[in-house]
Amino acid sequence: MKTNALPPPWYRELWPWLLMSGPAVVVIAGFITLYLAASGQDGLVVDDYYKQGKTINQSLHRDAVARQMGVTATVRFDQINDRVVVDLRRSDKLVLPTSLTISLVHATRSGHDKVIKLMPAANDPEGFAGRLPPLGIGKWNVLLEDPQKQWRLQKEIVVGSTPLPLLSLTPAN
């Protein structure tokens with residue numbers, strides 16, 4: 001006894017769907033990758049390499065000036081009260097500036113950089129204070145400069161889930 005049963009249509013079989021699922025996942029992943037690439041920012045790309053190279057020599061000169069003047073500083077990050085306090089130590093050659101600038105430069109994302117103007121602290125003759133903005137997790141470079149940008153102190157910190165430590169800034173070697 002022979003039966004002429006027709007096979008089910010192709011879309012009711014498992015194998016065509018299984019074979020099509022691989023390329024479909026790849027196409028979807030391609031569109032997600034395209035979206036991420038188009039919506040992200042290229043934070044490390046520099047437009048003018050020559051100009052950046054010339055500024056490196058100026059930056060190194062500011063480190064040398066800080067070393068000659070004997071400038072050092074201690075930075076306290078008070079994340080609870082959103083304050084940064086800097087105690088500036090100097091040799092007799094340095095006249096205390098009227099303000100300081102502390103730049104918090106994110107290691108990979110230039111759009112996250114913060115610049116804080118520090119004014120003299122009322123209760124400390126060599127102290128300066130300013131408002132600390134929220135910092136994202138990651139590596140940050142701390143740059144302390146005078147208003148005329150004649151000298152600078154710098155150090156790298158890592159922001160994470162623990163409070164920021166007391167930071168001692170000295171001129172770079």
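Buried means a relative accessible area under 20%, exposed means over 50%, and partly exposed lies in between (1.4 Å probe, protein chains only). The model is predicted: local features need pLDDT of at least 70, side-chain atom pairs count only at pLDDT 80 or more, and totals for chains, interfaces and linings use all residues. Side-chain values use heavy atoms, leaving out hydrogens and water, and residues are numbered from 1 along each chain as its sequence is written.

**View A. Asp63 and Arg152 form a salt bridge, with 2.8 Å from N to O.** A salt bridge is a side-chain nitrogen of Lys or Arg within 4 Å of a carboxyl oxygen of Asp or Glu. Asp63 is buried at 3% relative accessible area, and Arg152 is buried at 9%.

**View B. Arg62 and Glu145 form a salt bridge, their closest N and O atoms lying 2.6 Å apart.** This pair links distant parts of the chain, with Arg62 in helix 2 (residues 49-69) and Glu145 in strand 6 (residues 138-145), 83 residues apart. Helices (H or I, at least four residues) and strands (E, at least two) are DSSP runs numbered from the N terminus. Arg62 is buried, with a relative accessible area of 13%; for Glu145, also buried, the value is 5%. A network of salt bridges links Arg62, Glu145 and Lys149.

**View C. Arg76 and Asp87 meet in a salt bridge at 2.7 Å, N to O.** Arg76 belongs to strand 1 (residues 72-78) and Asp87 to strand 2 (residues 83-89), 11 residues apart. Arg76 is partly exposed at 36% relative accessibility, whereas Asp87 is buried at 18%.
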